[in-house]
Amino acid sequence: MSRYFTEDHEWIELDGDIATVGITDYAQSQLGDIVFVEVPEEGKQVAKGDDAAVVESVKAASDVYAPVSGTVIEGNAALDGEPALVNEDPEGEGWFFKMTLTDKGELNGLMDEAAYADFVSKL
Amino acid sequence: MSDVTEPEIVEELALLPLDAWHRARGGRMVPFAGYEMPVQYEGIMAEHQWTRESAGLFDVSHMGQLFLSGEGLDTALETLIPADVASVPVNGQKYSLLLGENGGILDDLMFTRWDGDNEVDPGVPGIYMVVNGACKWDDIGHLREFLPDEISLSHLDEQALLALQGPKAVDALARVVPGVETLVFMRGGWFDWNGTRLWISRSGYTGEDGFEISVTGDMAQELADALTAQAEVKPIGLGARDSLRLEADLPLYGHDLDTETTPVMAALNFAVASKRRREEANFPGAARILAERESGSIQRRVGLIVEGRQPVREGALVLDAAGNEVGRVTSGGFAPTVQKPITMAYVPTALAEIGTRLTLSQRGKIHHGEVVAMPFVPHRYVRAGAAQ
């Protein structure tokens, strides 16, 4: 399994045909206390870069984009009652949604962990 | 993920006297009112709760501190604000509004009467005034234009202003500056500290008991250190200041108040409560404001609790049953003490009754809210005559 990252601070990890998407630890630290998450419904078709979810901190609302194109198969229902999971474990329990991909080749355009760490260090 | 911060107009930002102090404590600095200011240290939610349970130190040095003096000051000032200035005793503090000709609010402010025993202009009695940071230059211009030449106005731009707020503020501050515990809400005094004198009033903008302290900029860091050395005290950023004041029904100028809102629209009738001032009716916009006070204004500021968990923020629309836009949300967010999304909104007075259910629209999504009594969190001021 490998994990990929976008310049908009989403991560995506492919396991077989199913990818899990969330926001990075850097993103949650910039947002601060997260009070609400709206995840996409099962069956929603998204193109790379589309608005896919909403995350709201005390300060502001932000859109979460689809890192690649595909179909949502599950939103993380746990975030409904416990949005703070995104602060506590952004790259684990605080995942946003799972999806199947239209074209796995789109992942090649994203950053790997080392490239993302380098990208964040320059912000 | 989209950017968290909105693009700001690039301008020369001024630094607070405590700028380095904030950065050394991990303050995340953002542009606000022309200054770089700390929005948070450890996190807005934790800072909010800490202030409600213990004591938070806020740097509000961006606010304008002014001193007015001269023959006929009370009468002159009463031509610009609706307060009964003449009745304010020495060291008494009052909330008031700078009004435009149409009765619209140019700024909200606090003022205090000082006698000649003051550090700012020794021997000269006058009025000390604190105005909003974002409005201070316009306020100074307005006061200079409309006050007679006999009145002198100084901008105390060498003074820093710190607020210590929360139920344990009195214990912490009394250890550093003995005697402050004798003050009551909206009263102030001069207190000796470290070879200088501080102006301290029992007031603030969080709904909690607390104090505001005016100190010279060069002593501000030492005072901030002495206060945060107390176990009850942590530094608190602008983010929590905003959520605290929202829960406490304290409107924020430029958001909940502006030149198009009158005191009655803003539900600040207490600011036009003086019988003498109403009978004289000689403050700006008096005819309109007094008519609104009698028969109601077209719109009124209300508080709403929003169903669900999603915050509804400034700019969201208030809709009537037919889906027409009838009002607007002016402040809103997830309230850490209430643990629900809350908003302030302007709605038609017919829809302002407690218990009215309203529809809100934000980014194409419908939310439901109910008008509730404000404050959302009870005030805990230590008033004169109350049992301590």
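Student: Where in chain B is the place of Arg363(B)?
Tutor: Arg363(B) sits in the loop between strand 19 (357–362) and strand 20 of chain B. Strands (E, at least two residues) and helices (H or I, at least four) are DSSP runs, numbered from the N terminus. This is a predicted model: local features need pLDDT of at least 70, side-chain atom pairs count only at pLDDT 80 or more, and totals for chains, interfaces and linings use all residues. Residues are numbered from 1 along each chain as its sequence is written, chains are lettered from A and ligands numbered from 1 in the order in which they are written, and side-chain values use heavy atoms, without hydrogens and water.

Student: Why is Arg363(B) called exposed?
Tutor: Its relative accessible area is 54%. Exposed means over 50%, buried under 20%, and partly exposed in between (1.4 Å probe, protein chains only).

Student: What is the phi of Arg363(B)?
Tutor: Arg363(B) has a positive phi of about 45°, although it is not a glycine. Most residues other than glycine have a negative phi. Ala33(B) also has a positive phi, of about 55°. Ala33(B) lies in the loop between strand 2 (28–32) and strand 3 (35–40) of chain B. At 27%, Ala33(B) falls between the two limits, so it is partly exposed.

Student: Which residues does a cis peptide bond join?
Tutor: The bond joins Met374(B) and Pro375(B), with omega about 0°. Pro375(B) belongs to the segment after strand 20 (365–372) of chain B.

Student: What does UniProt list for Glu212(B)?
Tutor: The unreviewed entry lists Glu212(B) under "binding site". UniProt positions follow the numbering used here, feature names are shortened, and annotations may be inferred rather than shown by experiment. Glu212(B) is in strand 13 (residues 210–216) of chain B.

Student: Why is Glu212(B) called buried?
Tutor: The relative accessible area of Glu212(B) is 13%. Contact means heavy atoms within 4.5 Å. Leaving aside neighbours within four places in sequence, Glu212(B) has contacts that include Gln93(B), Leu162(B), Trp199(B) and Ser203(B).

Student: Which position does UniProt list as "modified residue: N6-lipoyllysine"?
Tutor: That is Lys59(A), again from an unreviewed entry. Lys59(A) is in the loop between strand 6 (51–57) and strand 7 (61–65) of chain A. At 31%, Lys59(A) lies between the limits, so it is partly exposed. Beyond neighbours within four places, its contacts include Gln30(A) and Leu31(A), and also Arg28(B), Gln40(B) and Arg313(B).

Student: What makes the pair of Tyr95(B) and Phe270(B) tilted?
Tutor: Rings of Phe, Tyr and Trp (its six-membered ring) pair if their centres lie within 6.5 Å; planes under 30 degrees apart count as stacked, over 60 as edge-to-face and the rest as tilted. Here the centres are 5.7 Å apart and the planes at 35°, so the pair is tilted. Tyr95(B) is in strand 6 (residues 93–99) of chain B and Phe270(B) in the loop between helix 7 (238–247) and helix 8 (275–280), 175 residues apart. Tyr95(B) is buried at 12%, whereas Phe270(B) is exposed at 54%.

Student: How many aromatic pairs does the structure hold over all chains?
Tutor: There are 10. Ring pairs also link Phe67(B), Trp114(B), Tyr128(B), Trp190(B) and Trp199(B) into a cluster.

Student: Which residue lies over the face of Trp50(B)?
Tutor: Lys234(B) does, at 4.2 Å from the ring centre. A charge sits over a ring if NZ of Lys or CZ of Arg is within 6 Å of the ring centre and within 35 degrees of the ring normal. Arg3(A) lies over the face of Trp11(A), at 4.0 Å.

Student: What is the volume of the second largest pocket?
Tutor: About 530 Å³. Of its 26 lining residues, those closest to the centre are Tyr95(B), Phe185(B), Met186(B), Leu250(B) and Phe270(B). Strand 6 of chain B gives the largest share of the lining, three residues. On a 1 Å grid over the protein atoms alone, a pocket is an open set of points with protein on both sides within 12 Å along at least five of seven lines; a cavity is a set where a 1.4 Å probe fits but cannot get out; lining residues have an atom within 4 Å of a point. Points are joined across faces, edges and corners, and a volume is the space filled by probe spheres set on them.

Student: How many cavities of 30 Å³ or more does a search find?
Tutor: One. The largest cavity holds about 50 Å³. Its lining includes Met37(B), Phe58(B), Asp59(B), Ile236(B) and Arg241(B). Strand 3, strand 4 (55–59) and helix 7 of chain B each give two or more residues to that lining.
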